[in-house]
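Hello,

Here is the structure I promised to pass on. Please open it and follow along with the notes below.

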Amino acid sequence: MSTAAYIATALPNGTFRVVYSNFDNYPERTGRLLQTAYNSQAAVNALLDMGNISSLEASLEASKFYTRDYRRNNEDAVLLSRKALFTNDGGVDSAYVFETG
């Protein structure tokens, strides 16, 4: 069974740029990886540029992405409102949001 999550960054207009991450997104794993390996806006943008995630690891190279590694289409980051991000319509267990400031 997977523990799915959204990984997002807040945009100035109040929306969020979001990818879906499928496996092992417990706070003690994904939360720690985001705090240590993806802890700047540039690193988060690079992560989101890769699209939806099968498995997040400590580097982009080691992570598995649906587009790059499984050649799937329509797996790009999307824009969501705050309500859509936090109402769990996507069947996720949690949402991790990078915000500056």
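T9 sits in strand β1. Keep in mind that this is a predicted model. Is T9 buried or exposed? T9 has a relative accessibility of 1%. The cut-off for buried is under 20%, so T9 counts as buried.

The side chain of T9 has two polar partners to look up. One is the side chain of Q41, at 3.0 Å. Another is the backbone oxygen of F98, at 3.3 Å. Setting aside residues up to four places away in sequence, T9 touches T15, F16, R17, Q41, V44, N45, L48 and F98.

Next, the nonpolar cores. The largest one has 14 residues. Those touching the most other members are I7, L34, Y38, L47, I53 and L56. Two or more residues each come from β1, α1 (27–37), α2 (41–49) and β6 (94–98). The top contributor is α2, with three residues. A separate core has eight residues, including Y6, A8, F16 and L85.

Beyond its neighbours within four places in sequence, I7 contacts R17, V18, V19, S21, T30, L34, L47, L48, I53, L56 and Y96.

Now for N13. Where is it? N13 lies in the loop between β1 (5–10) and β2 (16–21). Its relative accessible area is 60%. Exposed means over 50%, so N13 is exposed. N13 and S81 are 68 residues apart in sequence, yet their C-alpha atoms are 9.8 Å apart in space.

Best wishes

Key. Residues numbered from 1 in each chain as written. Predicted model: local features only at pLDDT ≥ 70, side-chain atom pairs only at ≥ 80, totals over all residues. Heavy atoms only, no water. Helix = DSSP H or I, 4+ residues; strand = E, 2+ residues; numbered from the N terminus. Buried < 20%, exposed > 50% of the residue type's maximum accessible area, 1.4 Å probe, protein only. Core = buried A, V, L, I, M, F, W, Y, C linked by side-chain atoms within 4.5 Å. Contact = heavy atoms within 4.5 Å. Polar contact = N/O pair within 3.5 Å; in protein donor to acceptor, adjacent residues only side chain to side chain.
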